[in-house]
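User: I would like to learn how to read a protein model. Please take me through it feature by feature.

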Amino acid sequence: MEKVNVPELFGSLVFNDKVMRARLSSDVYASLKKTIDENARLDESVADEVAKEMKSWALENGATHFTHWFQPLTGVTAEKHDSFIEPSLDGGVLMEFSGKELIKGEPDASSFPSGGLRATFEARGYTAWDPTSYAFIKDHTLCIPTAFCSYSGEALDKKTPLLRSMHAIDKQAKRILKLFGHDEVKNVKTSVGPEQEYFL
């Protein structure tokens with residue numbers, strides 16, 4: 001039986017903080033960390049470099065496609081697959097992946113209930129990259145964790161309400177901490193573990 005090196009294998013197909021620190025320029029890494037830690041706006045040039053390095057890392061690890069991976073209200077995960085491959089003018093292929101493709105996708109939301117009539121363009125759903133969750137490779141596909149919302153901003157998944165709740169708690173906790181003289185706090189992280197289940 002072949003011996004498995006668990007510490008080496010664990011997280012080897014995850015575009016985690018260690019991988020980002022090694023692959024991204026220091027400025028881009030710092031900007032992305034600010035987006036993750038402080039909910040700062042993501043600059044388009046940062047998204048472009050992250051996409052470039054994420055694509056290179058994914059190709060090195062055998063990925064051929066990418067997907068915006070999300071959890072719609074159906075109880076199962078959903079994916080919209082695209083290929084890194086773009087045809088070139090000389091009959092070959094180019095391996096492409098832009099910051100725009102990383103941060104936003106457009107799967108069909110017409111199968112989700114709307115509560116009434118709506119125009120066709122309002123049936124669209126949008127996926128948006130959640131940089132607080134690490135991208136990973138599964139079955140030769142780069143899976144990019146995303147939130148899924150309707151044209152009008154309604155949550156169509158389980159992640160969007162969670163992210164909105166975390167943002168609201170962060171905002172109010174910082175406000176209260178400021179009342180107690182803690183002006184230096186930049187963000188408040190929330191977490192839920194199994195122990196919370198026993199005290200509800």
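Analyst: We will go through the strands, the core, the surface and the salt bridges.

User: What kind of model is this, and how are residues numbered?

Analyst: This is a predicted model, in which local features need pLDDT of at least 70, side-chain atom pairs count only at pLDDT 80 or more, and totals for chains, interfaces and linings use all residues. Residues are numbered from 1 along each chain as its sequence is written, and side-chain values use heavy atoms, with hydrogens and water left out.

User: How many helices and strands are in the chain?

Analyst: Helices (H or I, at least four residues) and strands (E, at least two) are DSSP runs, numbered from the N terminus. The chain has six helices and nine strands.

User: Which strands does β7 pair with?

Analyst: Two strands pair if DSSP finds at least two bridges between them. Strand β7 (residues 125-129) pairs with strand β6 (residues 104-105) in the antiparallel sense over two bridges, and Gly105 stands opposite Thr127 there. Five bridges join β7 to β9, again antiparallel; one of the partner pairs is Gly125 with Ser150.

User: How much of the chain is buried?

Analyst: Buried means under 20% relative accessible area, exposed over 50%, and partly exposed in between (1.4 Å probe, protein chains only). Of the 200 residues, 32% count as buried. In β7, four of the five residues are buried.

User: Which residues have the most contacts inside the largest nonpolar core?

Analyst: A nonpolar core is a set of buried Ala, Val, Leu, Ile, Met, Phe, Trp, Tyr and Cys residues joined through side-chain atoms within 4.5 Å. The largest one has 24 residues, and Val50, Met54, Phe97 and Leu142 have the most contacts inside it. The elements giving two or more residues to this core are α2 (17-23), α3 (26-38), α4 (44-60), β8 and β9. α4 gives the most, with six residues. Contact means heavy atoms within 4.5 Å. Among the residues that Val50 touches are Phe15, Leu32 and Trp129.

User: How should I read a salt bridge?

Analyst: Side chains of opposite charge can pair when their charged atoms come close. A salt bridge is a side-chain nitrogen of Lys or Arg within 4 Å of a carboxyl oxygen of Asp or Glu. A search of the whole structure finds eight. One of them joins Asp17 and Lys33 (3.4 Å, N to O). This pair links helix α2 to helix α3, 16 residues apart.

User: Are Asp17 and Lys33 buried or partly exposed?

Analyst: Asp17 counts as buried because its relative accessibility is 14%, whereas Lys33, at 24%, counts as partly exposed.

User: Which parts does the salt bridge of Glu60 and Arg23 tie together?

Analyst: The side chains of Glu60 and Arg23 meet at 3.0 Å, N to O. Glu60 lies in helix α4 and Arg23 in helix α2, so the pair ties together parts 37 residues apart in sequence. Glu60 is exposed, with a relative accessible area of 57%, while Arg23, at 23%, counts as partly exposed.

Notes:
Lists of a residue's contacts leave out its neighbours within four places in sequence.
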